[in-house]
Amino acid sequence: MISKKTAKAINTQINREFYSAFLYLAMANDAMAKGFKGAANWMSIQFKEEQEHALKFAHYLQEQNVKVELTAIAAPKTEWKDLLDMFKDALAHEKKVTAWISEIADQAVTEKDHATQNMLQWFINEQVEEESNATDIIWMLEMSEGSKGALFMADKQLGKRGRA
Ligand code: FEO
């Protein structure tokens, strides 16, 4: 059985995942407004993935007979200097998410809560992938700096992301 403390931490994480979704949607909107349709596509897919993360955590709590309680979602930033600035923010955000998930995992280990540890494994692996994807894109955008043609190609590349 899950402890009240761990259940509360997961509930908080659900709300953070919805904030993540909101943040990526704000990034998609800004990318679209600046004419970067590829980046907007990438961010829109991320928006959907974050909602799936929230629902995956919620499903776990519900399986443990815990009621999920949603809270207000803070307003995200709405404008970024350029795509590089946007993806740097995305990576910084993912690093925060990784730290939050690690904290919950540490707590589950302390409580010998094997079920929660097992559930969190998926998220721990997912965070490695999310940080790696953002890092690769930052590298691509840094390589494109100063070249409109290269930036155009980078945006085209981001447009190729499909739903997993
Ligand atoms: Fe839900 Fe981007 O981590």
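Which helix is Ser 20 found in? I looked there to begin with, and Ser 20 turns up in helix H1, which covers residues 4–33. A reminder to myself before going on: this is a predicted model.

**Overall layout**

I stepped back to the whole protein chain. I count 5 helices and 0 strands in its secondary structure, so my sketch from the N terminus reads α-α-α-α-α. Along the principal axes, the C-alpha atoms fill a box of roughly 55 × 25 × 25 Å. I also checked burial: of the 164 residues in the protein chain, 43% are buried. Then I looked at contacts between residues at least 6 apart in sequence, and 82% of them join residues at least 24 apart.

**Back to Ser 20**

Is Ser 20 buried or exposed? Its relative accessible area is 1%, so I put Ser 20 down as buried, the cut-off being under 20%. Leaving aside neighbours within four places in sequence, I find Ser 20 in contact with Glu 50, His 93 and Val 97.

**Helix H2**

Next I checked the length of H2, residues 37–63. With 27 residues at 1.5 Å a residue, H2 should span 39 Å, and its end C-alpha atoms are 39 Å apart, so the two agree. Just after H2, I noted that Asn 65 takes a positive phi of about 60°.

**H2 against H3**

How do H2 and H3 lie relative to each other? I have H3 at residues 83–110, and its axis comes within 13 Å of the axis of H2, with a crossing of roughly 15°. Angles under 35 degrees count as roughly parallel, so I call H2 and H3 roughly parallel to each other. The crossing of the two is left-handed.

I then listed who meets whom. From H2 come Ala 39, Trp 42, Met 43, Gln 46, Glu 50 and Phe 57, and they meet Leu 83, Met 86, Phe 87, Glu 94 and Ile 101 in H3. I sorted the residues of this contact into 8 nonpolar, 1 polar and 2 charged.

**Glu 94**

Not counting residues up to four places away in sequence, I see Glu 94 touching Tyr 24, Gln 46, Glu 50, Gln 127, Glu 130 and Glu 131.

Terms used: Residues numbered from 1 in each chain as written. Predicted model: local features only at pLDDT ≥ 70, side-chain atom pairs only at ≥ 80, totals over all residues. Heavy atoms only, no water. Axes fitted to C-alpha atoms, helices over the stretch in contact; angles between N-to-C directions. Helix = DSSP H or I, 4+ residues; strand = E, 2+ residues; numbered from the N terminus. Parallel < 35°, antiparallel > 145°, perpendicular 65-115°, else oblique. Left-handed = near helix turned anticlockwise from the far one by under 90°. Contact = heavy atoms within 4.5 Å. Nonpolar A, V, L, I, M, F, W, Y, C, P; charged D, E, K, R; others polar. Expected span 1.5 Å × (residues − 1). Buried < 20%, exposed > 50% of the residue type's maximum accessible area, 1.4 Å probe, protein only.
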